[in-house]
Amino acid sequence: MIEVKNLKKSFDGQTILQNVNFTVNKGDSVVIIGGSGCGKSTLLRCLNRLIVPDEGEILFEGKNILDKKTDVDLFRRKVGMVYQQFNLFEHLNVMENMILAPMKVLKMSEKDATERAEELLKKVGMENRRYRMPSALSGGQKQRVAIARTLMMQPECILFDEPTSALDPTMVDEVESVIRRLVDDGMTSVIVTHEMRFAEKISSNILFLAEKGIYEEGPAEQIFHNPKRELTRQFVYRSRMFNRKVTRRDVDLLSLNSELKSFAMPYGLNRKQTLGISYILEEILMPILQIEEVNDASVSLICDESGSGHKLIIECEGYKADTELAPEFDDMGRLLARNFTQSIDYYVNATGNWEVTYVL
Ligand SMILES: Nc1ncnc2c1ncn2[C@@H]1O[C@H](COP(=O)(O)OP(=O)(O)O)[C@@H](O)[C@H]1O
Ligand SMILES: [Mg+2]
């Protein structure tokens with residue numbers, strides 16, 4: 001359906017993408033992943049000509065959309081786009097948002113447009129809120145409306161640019177389920193996401209962008225479990241890692257605790273591990289932050305899929321103790337930490353900071 005050939009794009013003399021080649025077939029769900037700033041949005045925007053590439057071809061059903069003769073409006077109707085920031089009209093209610101473009105652009109009658117809108121709102125579970133203003137909706141609900149609105153134009157393909165990254169973690173799932181249902185129904189999709197578990201489940205093919213192009217391409221099984229190249233390996237590893245800096249003054253234990261747990265949840269988190277995280281934060285991290293020499297601490301969680309245990313790491317900036325003088329070194333604390341963990345490892349790392357790793 002879409003064929004990208006030798007695409008190149010630069011901004012201000014700086015090459016962002018070059019030598020990009022890939023194909024999206026009808027019914028595919030192609031997922032694009034990669035570090036921040038690597039050109040994912042740029043590539044997606046090239047696909048519906050919001051950005052014009054410097055070189056290359058983009059064929060849509062065999063026709064080059066970069067051709068001067070191509071009817072851009074017609075083409076854009078066939079390729080919908082869903083943005084991170086929803087882009088609903090704030091002064092229009094849900095129904096008005098839904099029917100505006102189809103009436104204007106497709107010349108649908110209000111009656112037909114409303115009927116179709118009812119149907120699509122039902123599909124995304126928003127039929128009870130058809131007359132609400134966007135400001136009265138949660139982020140997840142806004143995004144579901146934005147997706148339904150895109151469907152109003154009867155696109156043949158939808159491009160999603162990080163559709164869940166502006167959402168509160170509790171709302172990610174409802175939006176992912178809607179996208180998943182569309183894909184299962186055969187909607188051709190290109191999805192940029194930083195939710196790796198979602199990428200793994202939904203993709204027919206994954207493009208990993210790095211070094212100004214497609215660095216590695218393949219099915220989820222290859223990219224996530226058997227990457228062929230080094231940067232892919234590193235990226236996938238980092239994506240399983242949660243990291244947060246905390247200081248004595250700004251530490252918010254409850255929120256850190258729940259963030260850690262929601263991050264680890266998709267990888268599996270049993271009761272003992274859950275308790276272990278809470279315990280270590282309260283009984284180890286907090287006392288550590290009270291130590292005069294500790295400027296701040298960094299808390300990392302590296303999630304494991306193989307069942308050998310998640311690693312919770314606390315690194316203390318500015319604390320140069322040798323391992324024997326570990327700050328949480330008191331018998332009671334140690335005993336309790338042992339109870340919740342498979343192993344504990346103290347370590348002075350390459351930067352000279354003291355750190356401790358708990359395998360949960
Ligand atoms: N309109 C623009 N003008 C200049 N530079 C841009 C523009 N859009 C994106 N860039 C730059 O191109 C690079 C890739 O951006 P983007 O595609 O948004 O990355 P990603 O979506 O992967 O985070 C970034 O370095 C960004 O600053
Ligand atoms: Mg982007």
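Visitor: What strand order does the open sheet of four strands have?
Guide: The order is E2-E1-E4-E5, and the pairing is antiparallel. Strands (E, at least two residues) and helices (H or I, at least four) are DSSP runs numbered from the N terminus, and two strands pair if DSSP finds at least two bridges between them. This is a predicted model, in which local features need pLDDT of at least 70, side-chain atom pairs count only at pLDDT 80 or more, and totals for chains, interfaces and linings use all residues. Residues are numbered from 1 along each chain as its sequence is written, while chains are lettered from A and ligands numbered from 1 in the order in which they are written.

Visitor: Which strands are at the edges?
Guide: Strand E2 (14–24) and strand E5 (63–64), each of which pairs on one side only.

Visitor: How many bridges join E1 and E2?
Guide: Seven, with E1 (residues 2–11) and E2 paired in the antiparallel sense. Within that pair, valine 4 has phenylalanine 22 of E2 as its bridge partner.

Visitor: And the open sheet of six strands, what order is that?
Guide: E6-E7-E8-E3-E9-E10, with mixed pairing. Strand E6 (79–82) and strand E10 (213–218) are at the edges with a single partner strand each, so one side of each lacks a neighbour in the sheet.

Visitor: What joins E9 to E10?
Guide: Five bridges, with E9 (residues 205–210) running antiparallel to E10. Leucine 209 has isoleucine 214 in E10 as its bridge partner.

Visitor: Switching topic. How many residues are in the largest nonpolar core?
Guide: It has 63 residues. A nonpolar core here is a set of buried Ala, Val, Leu, Ile, Met, Phe, Trp, Tyr and Cys residues joined through C-beta atoms within 7 Å; buried means 20 or more other C-beta atoms within 10 Å of the residue's own, placed from the backbone. Among the residues with the most contacts inside this core are Val31, Leu47, Ala148 and Val190. Helix H5 (residues 139–152) supplies the largest share, six residues.

Visitor: What does valine 190 touch?
Guide: Leaving out residues up to four places away in sequence, valine 190 touches Val24, Val30, Ile32, Leu44, Leu47 and Leu159. Contact means C-beta atoms within 7 Å, placed from the backbone.

Visitor: Which residues are in the second core?
Guide: That separate core of 23 residues includes Val246, Leu312, Ile314 and Val356.

Visitor: Last one, H3. Which of its residues are buried?
Guide: Val94, Asn97, Met98, Ile99 and Pro102. These buried residues pack against helix H4 (110–123) and H5. After H3 comes lysine 107, with a positive phi near 60°.

Terms used. A residue is buried if 20 or more other C-beta atoms lie within 10 Å of its own, exposed if 12 or fewer, and partly exposed in between; C-beta atoms are placed from the backbone. Two residues are in contact if their C-beta atoms, placed from the backbone, lie within 7 Å.
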